[in-house]
Amino acid sequence: MRHGILSKIRVLDQLNTNFPLTEVSSVTEFSVASALQNYINSDHPSHGRKIHPLILKAGIKPNVNISIKLIIMYVKSSCLSGARQVFDELPRRTLSAYNYMISGYTKHGFVDKSFDLVRELCLSNEKPDGYTFSMILKGSTSGNAGSRLPFTGREVHAQILKSNVEGDDVLYTALVDSYVKSGSVEYARRVFDLMLDQNVICSTSMITGYMNQGRLEDAEDVFHKTVEKDVVVYNAMIEGYSKSVETAKKAIHIFIDMQSLNFRPTISTFASIIGACSLLSAFEIGQQIQGQLMKTELFTDIKIGSALIDMYSKCGRTDDARSIFDSMPRKNVYSWTSMIDGYGKNGCPNESLELFDRMISERHTKPNYVTFLGALSACAHAGLVAKGRKIFECMDRVYSMKPRMEHYACMVDLLGRAGSLNQALQFVMQMSERPNSDVWAALLSSCRLHGDVELAKIAANELFKVSGESRPGAYVALSNALADAGKWDSVSQLRELMKARGISKGTGFTWIGTDAGLEAFHAGQSL
């Protein structure tokens, strides 16, 4: 801050010590505006908040320029009430004043108040410009606007065209992002293709939109056409590929490529690539990534620790998962849940339930729906019916968490595995909601396990009603149950029915590490 402005601010400060007003005659509107601008540009804009009351004490009536700077300073200081006070006291509210207030409300999550100002602006003599529209779009896609959005991307786009607003990168980027988040990728691509300078932010939005819809070739096309790439656009590709076992291998290739170009992986990069290793059961690659992480400060992050636990558990290496779990300086519900679920799915139900009991008893972390699912699954594998019932009942009674359909299915599996098939059926009949296909599938599986053909037919028929042809495994399960009981005529009839309905079960496959990398091998295929 220049010496001259500092001396004038000191004169303003002296007003607090009852200096005569004549000694502040040298304070001008220009000097006040300059001082405010310096605070706005500084790392601590909140320090400038002391100027406002001193201006008023000095008898200086803020003009539009000073008022706008005060609004900006208050917004940057996260003091929206102060900004709104200055805004409301303006004799004439300009477009800039509206834009700064709308931006402040949007960026701080007060989208409803932002939209109220937009409506007020539209009723005034001022007209929205490109910046106004970009803020409307950001507010509509921020997640803070509620379920009933007053503005959609298409409506805003139409208003932009009607208003003859000249678009810029900020507006086009907001419009592309709005269309992508609403699932209208085709409209997003039209706007994207109109941009003369297709920036990396827009490219990232387009890639994310295509990946979410499984349009990998379109995502790859945008990625390859992006001239100036950054780590975020690489992350979008890695995250998209890591969602499916069929494309997870590509995520690893992109991860290697980005590092060869000296892009430094972020926490999002590592979380996604560890997820890809989980899908591929590629713990060797996961170990290499862990080694890379241990050289950074990211290794102690809860998100990374939880991802590693999940990866090692899905690879069947519970000892490695537990080693990560025990070494974590801080744990959250996802860390506990990953380890509890990992033990349960790897045939260690006692260890899973021991960890669940410890989590409950320490009362530091509240279990979520997935935690309860892991604990119930562990009870099913251990045959602990009484404990499973207790855990199921405490969801609603202790934690006010209404069990979901997957929890009901897990309870049916628990009772069925224990041989209590009639209790399992009674449990299904007493459900407050209509059982879905998972519930009936769990009962059907238990019927086959214990050779109860008649109950299997009931479960299968109900399963066919709710799932139709979407679960070919239901037909196979019933066929196997009939075959185990020696009812071959019924098996033949069922298989003929499957042929008539065009139902077939897909071939199973697994990923195997070879000299050429990770390869998918189907059932019956030779190595």
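Visitor: In which helix does Arg154 lie?

Guide: Arg154 lies in α9, where a helix is a DSSP run of H or I with at least four residues, numbered from the N terminus. The model is predicted, with local features needing pLDDT of at least 70 and side-chain atom pairs counting only at pLDDT 80 or more, while totals for chains, interfaces and linings use all residues. Residues are numbered from 1 along each chain as its sequence is written, and side-chain values use heavy atoms, leaving out hydrogens and water.

Visitor: Which residues is Arg154 in contact with, leaving aside its neighbours within four places in sequence?

Guide: With those neighbours set aside, Tyr179 and Tyr187 are in contact with Arg154 (heavy atoms within 4.5 Å). Ser184 is 30 residues from Arg154 in sequence, and their C-alpha atoms are 9.5 Å apart.

Visitor: How much space lies in the largest pocket, and what makes it a pocket?

Guide: The largest pocket holds about 240 Å³, the space filled by probe spheres set on its grid points. A pocket is an open set of points on a 1 Å grid over the protein atoms alone where a 1.4 Å probe fits, with protein on both sides within 12 Å along at least five of seven lines.

Visitor: Which residues that line the largest pocket are closest to its centre?

Guide: Of the 11 lining residues, Cys122, Pro128, Phe133, Gln159 and Ser163 are closest to the centre (lining means an atom within 4 Å of a point). Two or more residues come from each of α7 (111-123), α8 (130-140) and α9 (153-162), and α9 gives the most, with three. The lining has seven nonpolar, two polar and two charged residues; Ala, Val, Leu, Ile, Met, Phe, Trp, Tyr, Cys and Pro count as nonpolar, Asp, Glu, Lys and Arg as charged, and the others, Gly among them, as polar.

Visitor: Why are α2 and α4 called roughly parallel to each other?

Guide: Helices α2 (residues 29-41) and α4 (residues 64-76) pack at about 20°, with axes 10 Å apart. The cut-off is under 35 degrees, and α2 and α4 are therefore roughly parallel to each other. The contact includes Leu36 and Ile40 of α2 and Leu70 and Met73 of α4, and by class it has eight nonpolar, two polar and three charged residues.

Visitor: What makes α23 and α24 roughly antiparallel to each other?

Guide: The axes of α23 (residues 385-399) and α24 (residues 405-417) cross at roughly 165° and come within 10 Å. The angle (0 to 180 degrees, between N-to-C directions of lines fitted to C-alpha atoms over the stretch in contact) has to be over 145, so α23 and α24 are roughly antiparallel to each other. Phe392 of α23 and Tyr408 of α24 are among the residues making the contact.

Visitor: What is the handedness of the crossing of α15 and α16?

Guide: The crossing of α15 and α16 is left-handed, meaning that the near helix is turned anticlockwise from the far one by less than a right angle. The axes of α15 (residues 248-260) and α16 (residues 267-280) cross at roughly 145° and come within 9 Å. Of the residues in this contact, 10 are nonpolar, one is polar and one is charged.

Technical notes
Angles under 35 degrees count as roughly parallel, over 145 as roughly antiparallel, 65 to 115 as roughly perpendicular and the rest as oblique.
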